[in-house]
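Please open the model in a viewer and keep the selection panel at hand.

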Amino acid sequence: MRKKLIAGNWKMNMTPSEGIALIGTLKDLVKNDEVDVCYCVPAIDIVPAVEATKGTNVAIGAQNLYFEEKGAYTGEISASMLVDAGVKYVIMGHSERRGYFFETNEDINKKAKKALEHGLTPIMCCGESLEQRQQGLTISWIREQIKVGFEGISAEDAVKIVIAYEPIWAIGTGVTATSEQAEEVCADIRKYLAELYDAKTADTIRILYGGSMNAANAAELLAMADIDGGLIGGASLKTDFGKIVNYNK
Ligand code: PGA
């Protein structure tokens with residue numbers, strides 16, 4: 001049985017002091033032993049967020065890392081820095097980073113390998129644009145993102161990766177994919193992972209849905225067979241996040 005993961009993606013929101021206040025507000029609302037919970041916070045919020053979540057059920061994630069070990073890469077953050085700060089998860093390949101910062105599937109593959117080498121759990125994002133969906137290219141596009149993203153990664157490491165399927169047209173728009181649309185793609189990702197690896201590996205990997213998930217639609221999306229959690233942007237900054245974490249109560 002795959003344990004559900006509810007991951008908040010704060011994006012470029014919350015100063016360190018605002019972040020600590022939000023963690024305090026959510027503390028009792030996000031208690032649920034049946035799901036894993038994490039907040040993927042801006043880099044500067046990581047250290048205080050790790051401190052503020054100590055002794056709670058919430059883990060802290062980063063929103064990016066660089067694939068080199070260390071050195072002259074001004075402005076970048078390494079896997080060892082994240083680990084030393086107490087980070088458990090790291091998002092890579094979010095469509096905003098692909099779009100605004102030109103991250104490629106190859107970069108994401110290198111980031112996943114570096115994260116795994118250091119014991120971090122990658123949250124690898126994939127997703128199609130509205131044009132691609134309308135042209136019937138969704139499945140082939142997502143398969144390409146998964147293929148390159150997982151290239152050269154053993155089955156033993158692949159099971160440690162979390163995939164987040166986030167249709168670009170659903171992110172921050174208030175337009176959620178229907179549970180059938182989300183399940184169709186998540187089920188195909190699992191089918192494709194079984195082709196790349198084997199059925200057992202595919203059955204172990206957690207696949208999240210992201211894109212305007214909120215307190216009202218979470219339970220329906222999370223009831224789908226191949227949706228193992230959510231990556232939540234806007235609603236992770238509000239008390240609604242507690243309702244999403246407790247979607248099963
Ligand atoms: P949203 O963002 O929940 O605000 O749509 C999701 C994401 O981009 O991870």
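Begin with the largest pocket, whose volume is about 550 Å³. A pocket is defined on a 1 Å grid over the protein atoms alone, as an open set of points with protein on both sides within 12 Å along at least five of seven lines; lining residues have an atom within 4 Å of a point. Grid points are joined across faces, edges and corners, and the volume is the space filled by probe spheres set on the points. Select Lys11, Gln63, Asn64, Arg97 and Phe101, which are the closest to the centre of this pocket among its 21 lining residues. Then select helix α4 (residues 95-101), which gives the largest share of the lining, four residues; helices here are DSSP runs of H or I with at least four residues, strands are runs of E with at least two, and both are numbered from the N terminus. The lining of the largest pocket comprises 12 nonpolar, five polar and four charged residues, where Ala, Val, Leu, Ile, Met, Phe, Trp, Tyr, Cys and Pro count as nonpolar, Asp, Glu, Lys and Arg as charged, and the others, Gly among them, as polar.

The model is predicted: local features need pLDDT of at least 70 and side-chain atom pairs count only at pLDDT 80 or more, while totals for chains, interfaces and linings use all residues. Residues are numbered from 1 along each chain as its sequence is written, and side-chain values use heavy atoms, with hydrogens and water left out.

Of its 19 lining residues, select Gly172, Ser212, Ile232, Gly233 and Gly234, which lie nearest its centre. By class, this lining has seven nonpolar, 10 polar and two charged residues.

Which pocket holds the ligand? The ligand sits in the second largest pocket, meaning that more than half of its atoms lie within 2 Å of the grid points. Show Lys11, His94, Glu166, Gly172 and Ser212, which come nearest among the 13 residues around the ligand (a heavy atom within 4 Å). This shell has four nonpolar, seven polar and two charged residues.

Now display the polar contacts, pairs of N or O atoms within 3.5 Å; within protein, one must be able to donate a hydrogen and the other to accept it, and residues adjacent in sequence count only if both atoms are side-chain atoms. An oxygen atom of the ligand is 2.7 Å from a side-chain N or O atom of Glu166, and one is 3.4 Å from such an atom of Asn9. At Gly233, a backbone N or O atom lies 2.9 Å from a ligand oxygen.

Finally, select Arg2, in the segment before β1 (4-9). Its side chain makes a polar contact with the side chain of Asp228 (2.8 Å), and a polar atom of that Arg2 side chain lies 3.1 Å from the backbone oxygen of Ala225.

Conventions. 1 Å grid on protein atoms, 1.4 Å probe; cavity = no way out; pocket = protein on both sides within 12 Å on 5 of 7 lines; lining within 4 Å.
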